[in-house]
Amino acid sequence: MIPLCVPNLIGNEWAYIKDCLDTNWVSATGQYVNRFEKALADYTGARYAVAVSSGTTALHISLLVAGVQPGDFVIVPNLTFVATANVVTYMGARPLLLDIDPDTYLPDLDLLEDFLETQTRLLNGVSVHTKTGCPVRALMPVHTLGNMVQMERMLALCDRFGLTLIEDTAEALGSFYKGQHAGTFGRMGCLSFNGNKIITTGSGGIILTNNEADARRAKHLTMQAKASAVEYLHDEVGYNYRLVNLLAAMGLAQMESLPDFVRRKQAINQYYLDAFAGIEGIRCQRITDGVSSNYWHVVICVSRRDELLTYLAENNVESRPLWIPMNRLPAFRQDRYISRHDHTGRIAQEGIMLPCSTSISDADLETVSSLVCSFCTQLTPVHAR
Ligand SMILES: *Cc1c(COP(=O)(O)O)cnc(C)c1O
């Protein structure tokens, strides 16, 4: 079986983890956590990096630090992994689901601007949703598969409508817009090191920020809000969300391989692009001008996607459909969906994730792309019906 997207543990992972075991520093304090944070800050150019137990907990803490209140709205893309929408509900807030651009799979900024202009009004610097009276407190875009929107435009919209920008950068470690790393544009940016991400700690995440007070509060909240001087004094409700040293050790080793991983992901993407060029019926993600993507995951859109999934499985290739849109999940069916044409619905129906582990061989890439090509070229007469 050619796997979809598996970890690549070829560097110092064993050595650094062994060091933790040998020295007994396995838990939430230890030098690897600090070194991992510094490696992330150095690589991304963020002033501060706070290591946490997952991408989801990074997003949760960011919303807490940003002061999202029960009854608020937070705008999230309708096409994303469920964690983006889940964390909004952890706050007692509700997501406003925003449709995507069908070519880039990114939040549709025209639609967002139109919504903010016509359905909210500014009150003391905060946009209030006219119909419900609820504040639209924050915007949490996803840099889908490593792509990014025109960030100047997004920042200008946030500024004009009083939205706090929190970037869900879970998929975009190694992505840059005009030379600036994803997750460093907004008030906070959240990375994930889940097993399928470009680097992994098994489970882990990090909060990037340039704001010292936010970094300090984020770290405090993830360590049970422990007051420094007195034992067992906790000055607010805290969380046990800190990344442990053992996993940070793995993360540090992974960071040493990151530049190679990004180069390999870019080569894998180019391989597929070349193989699919000129084949009717295969559409690839369009990357925004000015973006250097990490190409975290290759997704193509084809009609009769489900048959392609089966065909690949029969030929020992693991593939997966793209996410089910948030507005189709039980938890979010009742939420508002900002959309004109439901592009999310179509992309989610046609999108298929193809194998793109950094360890994949060129021979396996050849196998996958020829299977996809032969399936899609056979389809042509059926299309034309
Ligand atoms: C992976 C992912 C997350 C969640 O990260 P975890 O580390 O698995 O908690 C959140 N948002 C997006 C867009 C993701 O892809």
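1. Strands β15 and β17 (residues 351-354) run antiparallel and are joined by 2 bridges; in β17, Met353 is the bridge partner of Arg320. Strands count as paired if DSSP finds at least two bridges between them. Helices (H or I, at least four residues) and strands (E, at least two) are DSSP runs, numbered from the N terminus.

2. This is a predicted model, in which local features need pLDDT of at least 70 and side-chain atom pairs count only at pLDDT 80 or more, while totals for chains, interfaces and linings use all residues. Residues are numbered from 1 along each chain as its sequence is written, and side-chain values use heavy atoms, with hydrogens and water left out.

3. The open sheet has 4 strands in the order β12-β14-β17-β15, with antiparallel pairing. Because β12 (283-284) and β15 (320-321) stand at the edges with a single partner strand each, one side of each is left without a neighbour in the sheet.

4. Helix α8 (residues 245-276) packs on the sheet and touches β12, β14 (298-301) and β17; contact means heavy atoms within 4.5 Å. The direction of α8 makes about 20° with that of β14. Helix α9 (residues 305-314) also packs on the sheet, touching β15 and β17, and its direction makes about 25° with that of β17. Axes are lines fitted to C-alpha atoms, for helices over the stretch in contact, and angles run from 0 to 180 degrees between N-to-C directions.

5. The largest pocket has a volume of about 430 Å³. A pocket is an open set of points on a 1 Å grid over the protein atoms alone, where a 1.4 Å probe fits, with protein on both sides within 12 Å along at least five of seven lines; lining residues have an atom within 4 Å of a point. Grid points are joined across faces, edges and corners, and a volume is the space filled by probe spheres set on the points.

6. Of the 29 residues lining the largest pocket, Phe81, Asn194, Asn196, Lys197 and Trp296 are the closest to its centre. The elements giving two or more residues to this lining are α3 (55-65), α4 (83-90) and β15; α3 gives the most, with 3 residues.

7. The second largest pocket has a volume of about 320 Å³. Its lining has 15 residues, with Asp101, Leu109, Gln150, Arg153 and Thr288 nearest its centre.

8. Arg153 also forms a salt bridge with Asp110 (2.9 Å, N to O). A salt bridge is a side-chain nitrogen of Lys or Arg within 4 Å of a carboxyl oxygen of Asp or Glu. Arg153 is in helix α6 (residues 151-161) and Asp110 in helix α5 (residues 109-119), 43 residues apart.
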